[in-house]
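Hi,

Here is the structure I said I would pass on.

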Amino acid sequence: MAEVEETLKRIQGQKGVQGIIIVNSEGIPIKTTLDNASTMQYAGLLHQLVMKARSTVRDIDPQNDLTFMRVRSKKNEIMIAPDKDYFLIVIQNPSD
Amino acid sequence: GQLALTEAELKEEITRTLTTNNPHAPQNIVRYSFKECSYKPVLVMDQMAVHFEMEGNLVYRDLDEARRLEGLPKGSYLNIFNCHINTAFKVNMLFPTVKTKVTLAKAIPHVCFPQVTPASKADKEPKVRSQFNFSEMASQTLNNPMTEISCQTEPPQHCTFSANANQWEIYDAYVEELQKQEKNKEKQKTIQLKEDGDKSKKKMMLTETQNDDINKLGKAAKIIERMLHQNRFDDIAQDFKYFEDPSDEFRGQQGTILPLWEFHYDKIKKLSVTALCWNKKYPDLFSVGLGSWRGMLVFYSLKNSTFPEYIYPTSSSVLCLDIHEQRSYLVAVGFYDGCVAVYNLKREGQEPVYKSTAKTGKHTDPVWQVCWQNDDIENHHNFYSVSSDGRVVSWTLIKVIKDHIKRMYSCCNVYTSVVVLEAIFSYLSCGTSMDFHKQIDYLFLVGTEQGKIHKCKTYSRQYLETYAAHDMPVDTVKWNYFHPNVFISCSSDWTVKIWDHTINTPIFTFDLKAAVGDVAWAPYSSTVFAAVTTDGTVHIFDLNINKDEPLCQQAVMAKHRLTHIEFNPTHPIIIVGDIRGDVASFKLSPNLRQKQKMKKGQVQPKGPEVEVAKMEKLLRLMRGPDLE
């Protein structure tokens with residue numbers, strides 16, 4: 001139990017990490033380190049993206065599943081790791 | 001005005017004909033013919049033109065209609081009135097005319113008409129009914145007041161439902177169904193469970209549901225951590241995978257080692273690295289044994305250098321460890337207090353699956369080396385340990401399934417007893433290192449505190465051979481991966497020696513000018529080996545290229561005393577442990593990984609035979625002058 005908390009703490013402390021959001025399967029954020037507005041924005045938009053990506057992967061081969069997604073942009077990188085009921089979003093600026 | 005015509009024109013005769021054609025009739029009407037699917041002109045047109053039309057009121061008296069209007073004898077009346085009755089009933093029921101009432105009453109006496117007294121008596125003679133000569137008398141019955149009663153039921157609850165039917169949704173549904181079926185089957189099988197078994201299961205269920213939200217993220221969190229690590233150390237990851245030092249071409253035969261990740265963990269400060277071992281199944285995972293005043297067993301992955309994958313604190317210093325080749329989740333560990341333990345990485349918890357105690361025959365002195373062996377005939381795992389109490393002990397793990405565990409359908413294999421088979425060589429003088437032959441199962445070497453190396457067989461108490469190797473304790477002895485006769489040994493007497501086990505004297509001797517902590521053969525070549533010394537230097541030799549000098553001599557890790565070195569079985573990486581508990585990884589430059597130079601056009605031969613041949617050639621070269 002505490003392992004996951006510790007891992008999240010370590011993630012938060014890693015260089016360049018701007019924020020962590022944990023979203024449940026309906027797209028509602030349950031835990032976040034960012035402000036409310038950004039959280040809602042990220043959660044809503046990324047939820048749809050991940051659902052679409054997952055649907056794509058599974059449509060091609062139903063035995064396959066999405067393991068993680070990275071969206072690299074000019075300013076930062078958004079990493080999403082989906083799980084069965086939740087997904088974890090981390091925003092990192094690797095050049096910090 | 002008028003047209004002025006000439007005389008000739010005036011006298012011109014113009015013919016006018018009278019035809020019966022209607023000049024206004026259209027002449028070019030076309031009709032679409034479906035039979036021929038085309039437009040066809042209608043040739044014959046009606047030429048009649050009506051100039052005036054008027055309908056009169058005169059009726060010829062012999063016609064039916066005239067008779068109807070005049071009125072006729074009874075017989076014919078009925079007919080007429082029958083039809084009239086029908087119409088009259090329908091149309092004039094509530095508004096009967098007096099006259100029709102009277103005549104109707106006469107014709108059909110049983111029909112009663114409400115409240116209308118005939119104003120005048122009916123004549124025998126039927127009267128001509130004039131359309132215009134009648135009076136209307138209306139009456140209205142009571143209108144029943146209309147009330148509307150309606151009832152409305154509550155509408156059924158409805159909600160909008162939408163879903164996609166994708167390939168994978170269908171697949172998921174089938175898989176779920178299959179799982180349900182299997183669960184049912186299992187339930188049927190285990191109906192005979194005893195009550196206490198059920199209760200304990202229920203207890204487990206309760207505790208699970210309390211903490212179910214964030215813990216499900218374990219796997220996702222781990223993946224994210226690795227992704228972040230990859231981003232942060234992106235340049236190292238790229239180097240690891242792709243960088244080949246181009247300056248090696250200009251360096252002649254010399255090579256370098258490129259520093260990659262460094263592995264630190266806060267809680268292992270002041271502990272020194274006492275053992276390193278790569279996992280053969282997962283080549284990015286390696287284990288580090290640590291110890292000084294207390295011990296720890298830590299596993300790192302190259303994918304995450306910031307935090308270990310597994311951590312096992314121990315009460316006593318870990319001195320040696322070995323990971324099972326086939327079952328890479330089993331780790332055998334030897335301790336400073338003489339115990340040996342076996343950890344199962346798949347199990348939760350920080351306790352070893354098995355730990356030896358004084359009763360089960362633990363060593364009385366520190367255990368310096370443990371080695372897994374192949375499973376014995378009964379498929380039990382077994383390993384050997386050597387200790388400075390002078391014993392080489394073989395331990396076999398026997399799984400015992402206790403009775404009450406059998407009742408629960410999920411049997412966990414509990415190692416409840418480890419049988420000590422044959423404490424061999426009890427007169428051995430203080431073994432400090434050990435290695436088993438790579439191909440021959442029962443052959444092994446033991447290095448001792450006195451600096452001797454003994455070659456032994458597992459089933460015999462006799463030494464096969466003794467080599468007077470070093471002046472100080474033999475720190476490491478290792479068989480060559482390829483050549484069956486060659487082994488290497490190192491010691492704090494500053495030397496590294498390479499032997500052929502058939503010959504009593506070393507083939508090669510290297511003086512490294514500082515106490516040698518560890519030596520290791522390369523898994524990709526029979527002639528390459530690496531050594532670490534207490535002055536913080538890594539030495540890498542390739543005997544095929546240079547028999548006397550190292551190809552690489554590099555100071556690493558801030559020159560702390562280096563204690564151990566290991567080559568990665570698949571990647572060109574080495575890990576080095578030092579006395580401060582840090583582990584650093586390095587990439588070998590191409591010069592250190594050279595294959596034999598072939599003449600142009602010749603195909604590079606591959607396989608262990610090549611390596612053996614390479615070594616053999618070398619040995620023969622060294623032996624040559626001796627034989628002569």
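Below is what came out for the interface and then for chain A.

A word on the ground rules: this is a predicted model, so local features need pLDDT of at least 70 and side-chain atom pairs pLDDT 80 or more, while totals for chains, interfaces and linings use all residues. Residues are numbered from 1 along each chain as written, chains are lettered from A and ligands numbered from 1 in written order, and side-chain values use heavy atoms, without hydrogens or water.

On to the interface. Chain B brings 25 residues to the contact and chain A 33 (heavy atoms within 4.5 Å). Together they bury about 2,900 Å², 63% of it from carbon and sulfur atoms (accessible area, 1.4 Å probe, lost on being put together, summed over both parts). B:Trp168, B:Leu228 and B:Asn231 supply 21% of chain B's share, more than any other three residues.

The rule finds 2 salt bridges across the interface (side-chain nitrogen of Lys or Arg within 4 Å of a carboxyl oxygen of Asp or Glu). B:Glu225 forms a salt bridge with A:Arg10, with the closest N and O atoms 2.9 Å apart. Helices H5 (167-189) and H7 (218-232) of chain B each supply at least two residues of the side touching chain A (DSSP runs of H or I, at least four residues; strands are E, at least two). H7(B) gives the most, with 12 residues.

As for chain A, its 2 helices and 5 strands run α-β-β-α-β-β-β from the N terminus. Of its 96 residues, 46% count as buried (under 20% relative accessible area, 1.4 Å probe, protein chains only).

Cheers

Conventions. Buried area = accessible area lost by both parts, 1.4 Å probe. Buried < 20%, exposed > 50% of the residue type's maximum accessible area, 1.4 Å probe, protein only.
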